[in-house]
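Dear colleague,

I am passing on the structure that we talked about, together with some notes on it. Please look it over before reading on.

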Amino acid sequence: MKAIIMAGGEGSRLRPLTCKRPKPLVPVANRPVMEYCVDLLRDLGIREVGVTLQYLPQLIEEYFGDGSDFGLHLHYFVEDKPLGTAGSVKNAAAILDETFVVVSGDALTDFDLRPAIARHKESGALATLVLTAVDNPLEYGVVITNPDGSIRSFLEKPSWGEVFSDRVNTGIYILEPEVLELIPEGRPFDFSKDLFPRLLKEKRPLYGVTLSGYWCDIGNLTQYRQAQEDILRGRVKVRVVGQDKGGGVVMGEGVEIAPGARIEGPVLIGGACHIATGAVVGPFTVLGPYTRVEEGATVRRSVLWDNVYTGEGANVRGAVVCSRASLQRRVQVYEGAVIGDGTQVDAGAEVRPEVKVWPEKTLGRETVVHESLIWGRGVARPLFVGSQAPGYLHGDLTPFQVTRLGMAYGASFPPGTTVGLSTFAGGAGEMLYKALAAGLMAAGVQVADLGRLLTPIHRFAVRSLGLDGGCHIKRDAAERDKVWLHLVNSRGHDLNPAAVRKIENLYWREDGRRVQEVPASIYFPGLEGAYRDWLLATLGDHGLKKRALRVALGGQGQVAGVAGTILQDAGAEVIRLDLDPAKTWQAVQEDLPYFAGEIRRYGADLGAALDPNGEELILFTGEGRRVAPAQQMTLLARVYLETHRGASLVLPVTAPRVLEQVAGSLHGRVERVKGHPGIYHEAMARADGETALGQQHLQLDALAALVHILDWLARRGESLDAAVAALPPVYTASRTVACPWEAKGRVMRTLISEEPADGVELLDGVQVRHGKGWSLVLPDGETPHYHIYSEAFSQEAAEELAGFYEERLKELVAREKSKGR
């Protein structure tokens, strides 16, 4: 006996599951549904099987091959145009020279077909239909039989008033080759609508056999989820891939489950999955191979396909998440939702019940998706934040995307230019470096290999080597799985908005340039030493070189070693209090009270902690008191202006107004600029001119800032405690308010219209002047938030101003949300 598997279905009712695969390849319990049909036929002893194909046929051929891996010999028959169920089988007539079975490649069943085959032969039927009893026959073809099993009538998708039987057509048939003569060639023809009514009309032998067992045609998403649950409950007698671990837990090879993770059966966990500490995988969940469930994440009653990433604290309930989708930290996906292949859901986003997100979309941070998302790229955050492109190692930052960005960045330069490239230590950094280098080189750009550097040393290297630009790949200080691709110009400064837009447009248009001559990369060793020599050369002879200060230095990994060496060479006495490299910078800051105690215990003159990228400096007095960020900015302004009398001090609009008082006392002036890093850096470069060490270096380089604060204190013979106490008082407050991306512009417009025109400044955000101070409302470029900055004559007044605008923004956001309902 031979068989035909009808596998041409497009599965339109299963979209977005079937956007990138034919319905027979949709995974059910981690196996394509058609594979269960293959098992069924092989267990019957059938070896010669034809497969009829129409939608994305090559994918099925690639997966099953010639069938030898599955114990069958497969023949493929592809329809150029839809021929209907019977027409597709007619298309395979060349191999059908004996009784054959027809099964659907997109239905799940455990029927034992032997009784039906035996009855077919006994009755002398030309065609025998396999029937089954269902609770709700409205969606199926109802079949009414006589007592001898011969078919009396058909009724396709009846109403309840027309239901005279609970026996329905399963789409499984046993046929004689003679029926093929009744099927016209080359045009659509259906079994249930055309062939069987004709056999009935001509009184040909047509029988039905009712079988018990499980059958589901998986016609919609509800049935798809139900089929997974039925397999996990043991209601379907099919082979499940994995080892039974007891308690309803079936697991593939190479699964990693951390201590403290909780697995509640019944569940199926595919091979090489990773489930972190504190994660919960609840009942009736299927995890596909290579899926990750991170710390504190919860997945219940959901189907996650292969290579899905579920970030820290994410929550997936009753949903389907397709291949390569990435759900970042704190994402919420609710019942009935479907996330398509390759979709990126950024941190804090919500996908509401029954929402369908088509493949390759991006949902921006903390967005709430109420409606299905089919067209466009999605509701995404911008590709760049300032001059940096953020991404997640287990999410959207794949080697493919990084290479694509490298090609776009390379295409923004003329061929033959040289761009410096550096990265962080470790395999992930090396992988991203090579991906970015490949994109740059494909665009005809020569890559200067700068090695593993801190951000300030990367800036120095690009500037001192005369390169045309650079990209530094760095880990986020707060989130270990987050990475930034930090682009700089030939001066080592962040790119201005026009340059960023150009690269972003090239990226989205996929308008990269490819060249025939690919330039070889060049390597520059010894950059840390060169940076050290430059920084020490900027110091005078009457500071640290004459009076050593005792510094308690806190840092992690590379930054601790580099900073310790430079401070010692500058003349400081260094007490290394290395911080735990396994902790995030945020976690390190929670331990700073302990660090402050150590400063006092060692009798240091002051303490300093540096973030892992060398960009942020936290200062402590010798008494262990942390210097507030506004005080630290004021102190740096004083250090700079005392060295550069009469200079112009460039400040972002968020900087405290008290800095103008400091500048005036030192015969300087203040220039306010937008907070975009590229604009801010360009303005500082103009103000500094040819200065060997200007404010741009002190503002962008935590090491340089620390060294020069120490040198300034040593020259003055003054303690940090005294220097901070001599600064004018600064009273500031800040708040953050969430706002959907799509409402940001409308909220800003409303806020501006409600403020007196003579009290509003619109240089960057909305700045409002009041009698007791000022407030600035500034939209965040990376997340759906507003930031509020206030300054006043007292801390109480600053808090009051910030609180007022916090409540005002919340009212405006709520108003916009109510309009969208």
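The notes below go from the whole chain to single elements and residues.

This is a predicted model, in which local features need pLDDT of at least 70 and side-chain atom pairs count only at pLDDT 80 or more, while totals for chains, interfaces and linings use all residues. Residues are numbered from 1 along each chain as its sequence is written, and side-chain values use heavy atoms, with hydrogens and water left out.

The chain holds 22 helices and 52 strands, where helices (H or I, at least four residues) and strands (E, at least two) are DSSP runs numbered from the N terminus. Its C-alpha trace spans about 110 × 60 × 50 Å along the principal axes. Of the 821 residues, 58% are buried, a term that stands for under 20% relative accessible area, with exposed over 50% and partly exposed in between (1.4 Å probe, protein chains only). Among contacts (heavy atoms within 4.5 Å) with a separation of 6 or more, 58% are between residues 24 or more positions apart.

One part to look at is an open sheet of four strands in the order S43-S42-S44-S45, with mixed pairing; two strands are taken to pair if DSSP finds at least two bridges between them. Strand S43 (573–576) and strand S45 (617–621) form the edges, each pairing on one side only, and neighbouring strands are turned against each other by 25° on average, direction ignored. Strand S42 (residues 550–554) runs parallel to S43 and is joined to it by four bridges, with Arg550 opposite Glu573 in S43. Helix H12 (residues 558–570) packs on this sheet, where it touches S42, S43 and strand S44 (606–610), and its direction makes about 160° with that of S43; such angles run from 0 to 180 degrees between N-to-C directions, the axes being lines fitted to C-alpha atoms, for helices over the stretch in contact.

The largest nonpolar core has 65 residues, of which Leu617 and Leu619 touch the most other members; a core here is a set of buried Ala, Val, Leu, Ile, Met, Phe, Trp, Tyr and Cys residues joined through side-chain atoms within 4.5 Å. Helix H19 supplies the largest share of this core, eleven residues. Leaving aside neighbours within four places in sequence, Leu617 is in contact with Ala608, Ala609, Leu610, Gln632, Ala702, Ala705, Leu706 and Ile709.

Leu713 has its place in helix H19 (residues 702–716) and counts as buried because its relative accessibility is 1%. The C-alpha atoms of Leu713 and Leu549 are separated by 8.7 Å, although the two residues are 164 residues apart along the chain.

Helix H17 (residues 677–688) has twelve residues and reaches 16 Å from its first C-alpha to its last, close to the expected 16 Å, which is 1.5 Å times one less than the number of residues. Its buried residues include Tyr680, His681, Met684 and Asp688, and what covers the buried residues of H17 includes helix H9 (455–464), helix H15 (629–643) and helix H18 (695–700). Just after H17, Gly689 takes a positive phi of about 60°.

Lastly, Thr367 lies in the loop between strand S34 (362–363) and strand S35 (368–369), and at 4% relative accessibility Thr367 counts as buried.

With best wishes
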